[in-house]
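Subject: The structure for you to look through

Dear colleague,

I am handing over the structure below, and after it I have written down what was found. Please keep it open while you read, so that you can look up each residue as it comes.

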Amino acid sequence: MRRREFDRDLLPPGDGQTLLVDGEWRTSRELFDVHDPATLEVIGSAADGTVDEARAAGESAVAAFDGWRGLAAEERSARLRRGLDTIRERSEPLARLLSLENGKPFREAHGEILRGAAMLEWGIEEGRRVYGRVTPSSSGTRGVVLTSPVGPALVITPWNFPASMLMRKMGLSLSAGSPVIAKPAEQTPLIAVAIAKILNEFLPAGVVNVVTTSQPGAVVDELMKNPRIRKVTFTGSTEVGLRLLRTPTSILKRVSLELGGHTPAIVFPDADVEAAIDSIMTAKFANAGQSCISINRLFVHSDVRDEVVAGLRERIGRLQIGHGFDEETSIGPLIDANGLEKVERHVADARERGAEVLAGGSRWHPDDATLRGEFFEPTLLAGVDESMIISKEETFGPVLPVFEFTDDDDVIAQANNTTYGLSAYVFGADFDVLWGAMERLEFGVIGVNEVMPNRPELPFGGFKNSGQGREGGNEGIEDYVETKAVAIRTGRGRIM
C-alpha cells in the first residue's frame with residue numbers, strides 16, 4: 001500500500017496560500033479544508049477567496065493582457081513549454097496529489113496528468129497556428145482577415161477531471177495571448193494550485209491567476225461583472241452552465257460550456273464481443289463512473305445480449321474497491337455524500353420499477369476502518385426501461401443499466417431521446433451500419449469501437465444541453481480569438 005501522502009513542495013509555502021494574484025501567492029481571512037474522499041481525512045487547506053480576491057485577480061489578468069499578447073507567439077510558446085516540461089517531469093507526484101484529493105486510483109490519476117499535458121501541448125502548438133488570410137482583389141481593394149486574443153478568460157474547472165480540464169483550457173487561452181483567472185472546484189483546489197504554481201514560474205506576473213473558494217457563486221458573479229474579462233470557459237453541470245448564460249453582465253462575453261451528458265453505447269450483433277466488453281468496462285467504471293462521457297445507457301442487440309451481460313457480470317466481479325493509493329484498487333470512492341445519494345436513488349427507483357440487479361447494487365462497507373468515504377459497489381442492472389429515472393438522468397456513478405434492442409432504427413431513436421448530446425459509443429463490424437449511426441446520432445463526440453475519443457487533436461463538445469463551443473482540434477482555439485475583417489483600398493480602384 002502506498003503511503004497516503006503527497007509532496008508538499010508541489011504547493012506554495014504557508015498554510016492556505018492558494019490565491020495567485022499578480023504573480024504572488026496569498027491567503028485569505030478564512031480557509032476551508034480539503035479532504036481525501038476515501039478516508040474523509042483533511043489533507044490540506046485552501047484560501048476561501050471572496051469577491052475582493054476575485055476582483056483583484058480579475059484586475060491582475062486585465063493588467064497583464066497587453067504585455068502577454070504583445071509577445072511573439074513563439075515566445076509565449078517557449079515559456080509555456082518550459083512549464084509543460086516540468087509538469088511531465090513531475091507527473092508522478094502530481095498524480096499522487098490528484099489521487100488523494102479526488103479519490104481515483106493512482107494509475108488513472110497519472111494517466112490524467114499525462115493526457116492533460118498532451119492537451120496543454122496541443123494548445124501551445126495551436127497558438128503558433130492562428131493564421132489570418134488575404135482575400136482576392138475586388139474593385140481596387142484588398143481584404144485582410146486578422147485575429148487577436150479574445151481577452152482575459154475566466155476558467156472554471158470541475159472536480160472529476162481537475163487537472164486535465166485545467167491544462168486544456170489554460171493551454172488554449174494562454175497560447176492565444178489571453179491571461180486567465182482559474183476558479184477550480186472547491187472539492188479539488190490543490191491540484192489546480194500545483195499546476196498553476198509550475199506555470200507561474202515561467203510566465204510574467206498576472207498571466208495566470210487562481211481564486212480558490214468555497215463560495216463559487218459570489219466569486220464567479222464578481223468576475224462576470226468585469227467588462228474586461230471577455231471569455232468564460234466552464235466544465236460542469238448543465239444547471240450551473242445555464243446559470244452562467246443568464247448571469248447579467250455589462251458586456252457580452254464569449255462563453256464555452258461543456259456540460260452534462262447521458263451517454264449511450266450501442267452493441268450491434270456483429271460486434272467483437274470481448275473487445276466491446278473491455279471497452280465498456282473502461283468507459284463505465286473509470287473514475288467510479290464520475291465522468292461526463294461515462295456510459296449511462298448500454299443498448300445491446302438481443303442476438304448477443306446474454307453473452308455481453310455474462311461477460312460484464314464476470315468482469316465487474318473482479319473489480320477491487322478501495323483507496324486510490326492501494327495498488328490493487330480499480331475503483332475508488334464517490335466524491336461526496338450527495339453523489340452517493342443520487343446513485344442510491346437511481347438504483348432504488350430501477351429496482352422498484354422491475355430492474356434486476358445482476359451485480360453490486362449497494363453501498364460498499366469496507367473492512368478497513370480508515371475508509372470512511374462514500375463508496376458504491378460497481379453495479380449491473382438488467383431489465384431497464386424508459387420509465388426509470390436512470391434512463392433519463394445522468395447517474396454519475398458506477399452503475400451500468402442494460403437495455404435490449406432488435407431494430408437499428410429504434411435504437412438510434414432511443415439513444416437520441418435525451419436532452420443531452422455530449423458523447424456516444426457504437427460497437428460493430430458492418431461499416432454501413434456504423435457510418436449510419438455516426439451520421440444519425442445527435443452527439444458531439446462519438447467513439448466507434450473506441451472509448452477514448454477525448455483527444456487533443458479532436459474537437460470536444462456537445463449538442464443540446466451538453467454545451468456549446470469546442471475545445472481541442474483545429475476548432476479549439478477559435479473560441480479564444482476574435483476575428484477582424486479589414487478592407488484596404490490601394491488607390492488604384494474607383495469608388496462606385
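A salt bridge here is a side-chain nitrogen of Lys or Arg within 4 Å of a carboxyl oxygen of Asp or Glu. By that rule the structure holds 29 salt bridges. Please bear in mind that this is a predicted model, in which local features need pLDDT of at least 70 and side-chain atom pairs count only at pLDDT 80 or more, while totals for chains, interfaces and linings use all residues. Residues are numbered from 1 along each chain as its sequence is written, and side-chain values use heavy atoms, with hydrogens and water left out.

Overall form

The protein comes to 13 helices and 22 strands, where helices (H or I, at least four residues) and strands (E, at least two) are DSSP runs, numbered from the N terminus. Its C-alpha atoms fill a box of roughly 75 × 60 × 40 Å, taken along the principal axes. For 496 residues a compact globule would have a radius of gyration near 23 Å, and the 24 Å of the protein agrees with this; the radius is taken over C-alpha atoms, and the globule rule is 2.2 Å times the number of residues to the power 0.38.

Of the 496 residues, 57% count as buried. Buried means under 20% relative accessible area, exposed means over 50%, and partly exposed lies in between (1.4 Å probe, protein chains only). L97, in helix α3 (residues 91–102), counts as buried because its relative accessibility is 0%. The C-alpha atoms of L97 and F463, which are 366 residues apart along the chain, are separated by 33 Å.

Salt bridges

Which residue forms a salt bridge with D326? The partner is R4, and the closest N and O atoms of the two are 3.9 Å apart. D326 lies in the loop between α10 (305–317) and α11 (337–352), and R4 in the segment before β1 (19–21), so the pair ties together parts that are 322 residues apart in sequence. D326 is buried, with a relative accessible area of 10%, whereas R4 counts as partly exposed at 21%.

R440 and D409 also meet through their side chains in a salt bridge (3.1 Å, N to O). Because R440 lies in helix α13 and D409 in helix α12 (residues 408–416), this pair ties together parts that are 31 residues apart in sequence. R440 is partly exposed at 41% relative accessibility, and D409 is partly exposed at 44%.

In a further salt bridge, E126 and R129 meet at 2.6 Å, N to O; E126 counts as buried at 3% relative accessibility, while R129 counts as partly exposed at 35%. There is also a network of salt bridges that links D52, R55, E222 and K225.

Surface patches

Patches are made of residues with over 30% relative accessible area and no salt bridge, where like charges are joined within 9 Å and nonpolar side chains (Val, Leu, Ile, Met, Phe, Trp, Tyr) within 5 Å. Lys and Arg count as positive and Asp and Glu as negative, while His and the chain ends are not counted; the place of a charge is taken as NZ of Lys, CZ of Arg, CG of Asp or CD of Glu.

A negative patch is formed by D270, D407, D408, D410, D430 and D432. Of these, D430 lies in the loop between β18 (423–427) and α13 (431–440), and D430 counts as partly exposed at 36% relative accessibility.

L146, V486 and I488 form a nonpolar patch with about 210 Å² of accessible area together, such areas coming from the Shrake-Rupley method with a 1.4 Å probe, where for residues only the protein chains shown count as cover. L146 sits in strand β6 (residues 141–149) and is partly exposed, with a relative accessible area of 40%.
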